[in-house]
Amino acid sequence: GSCARAVARVQEWSSASSMPVPSASSASFVTARKALPVEMLQAVNRSLCDQLDRELPAAGLWRGLRVKAEDGTSAQMPDTPANQEAYPQPSGQEEGCGFPVIGLSGLIDLGHGGLRDFAGSSVETGEMRGHDQLEGYLGEGDLHVGDRAFSSYEVVARDKMMGVEYIGRNHQARKLDFRRGSKLGPDERVQTWVKPRQQPALSRLGKGEWDALPGEIEMRIIRTRGPDRDGVQQTRYVVSTLLDPARYPADEVAPIYIHRWEIELRCRDIKTTMGMELLRTKTPEMVHEEVLMHMIVYNAIRLLMLKAGNAFGVSHRRISFKGVVQVLGESHVTFAGVMGKPRLEASAKSRLLERIAERVVRERPGRNEPRKKKRRPKSYGWLQKPRHSYFEHFRCEIPPRRILDECA
């Protein structure tokens, strides 16, 4: 929340602990927040991700592979000169009429929902810039799931060189002839992708790195059918490096790609439920730390959900993230009363996990949630030019008296 709310929480805690109550000014809090080392926050987030990996039972893996999805999103921030310089507003907006926007590429483990990292960049650079920064979090035994933007020869080849498997949708620029290749079944083929003769203009590899990529890759093509966003049935082609149809059946490989949609839900959790959609800090350095703090809190909540599911025999994937946030928001009063009392604290932790495990969202098959807004916005017009250039209709050389303020 806001700095003022954080100070109010500290004041209440100090009063309850019979300690001197600090000033209501948020200046000292802001100064202390700036002093937080980025390296420390990154270490805390790594620790949470490692704990999530250890807590995830073997049943949470798909055929021995850890499924990780990658996608991009964005967040707005205050309109300050420093933020505008580092993260300009979208080019389609008039200058001074929009907010700076940071593009964020995220890598999420679909097994436990943990967010490994957000790679930040200008919103105009595209998702592949973020992939270059996130690639180090992929390793042998991982299954990389991406949308069509990631189904390029370069990304798949780099994954294979690291021992990472890939599932995605066929890139829109790649012409696909399903009649070619080795037939594995009525809707399966193995085709050979050949390395492009020229390095793509958007590739960020050095010449030596590009030359080191293999000359060709064997890819499995699976043909499926399903509804699009308008409900119209269409044919989709899922591409994968998982070539063995016996070990990785097609009726499981294709649905794994459908699970990629879960990264959209996790982004909704962190942006909408936790409020990261509109950042609050006024410099690029603090924007980076603010994003890190959101990641830390998000992963801590995911860790509690995983522990609660393991402790009470509930699937952590069915626990409501919003419900857990509500439980945690009301639990600080309980924990404030058991500080320094180990037995009571352990009992309170157990009850907290039990409350979390109760927040199960039942399966709702066939539920349709279109990406449409029902609530209509206010009927105000859009800001078409900088705010200060608008004429104030009620400007007066002699301002009116504030009678009620004078009485107060």
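Two residues are in contact when they have heavy atoms within 4.5 Å of each other. Keep that in mind as we walk through this predicted model, in which local features need pLDDT of at least 70, side-chain atom pairs count only at pLDDT 80 or more, and totals for chains, interfaces and linings use all residues. Residues are numbered from 1 along each chain as its sequence is written, and side-chain values use heavy atoms, with hydrogens and water left out.

Let's start with the whole protein. It has 13 helices and nine strands; these are DSSP runs (helices H or I, at least four residues; strands E, at least two), numbered from the N terminus. The C-alpha atoms fill a box of roughly 85 × 65 × 45 Å along the principal axes. Of the 408 residues, 38% are buried, where buried means under 20% relative accessible area, exposed means over 50%, and partly exposed lies in between (1.4 Å probe, protein chains only). Among contacts between residues at least 6 apart in sequence, 62% join residues at least 24 apart.

Now step inside. A nonpolar core is a set of buried Ala, Val, Leu, Ile, Met, Phe, Trp, Tyr and Cys residues joined through side-chain atoms within 4.5 Å. The largest one here has 53 residues, and Trp62, Ile102, Phe118, Leu143, Ile167 and Leu279 touch the most other members. Helix α10 (residues 284–312) gives the most to this core, with 11 residues. To see the surroundings of one member, look at Ile102: leaving aside neighbours within four places in sequence, its contacts include Thr73, Tyr87, Gly120, Leu279 and Val287. A second, separate core of 15 residues includes Phe150, Ala157, Ile217 and Ile221.

An α-helix has 3.6 residues a turn, so residues three or four places apart point the same way.

Finally, visit Asn45 in helix α3 (residues 38–55). Asn45 counts as buried because its relative accessibility is 4%. Not counting residues up to four places away in sequence, Asn45 touches Leu115, Arg116, Met295, Ile296 and Asn299. Asn45 and Asn299 are 254 residues apart along the chain, yet their C-alpha atoms are separated by 7.4 Å.
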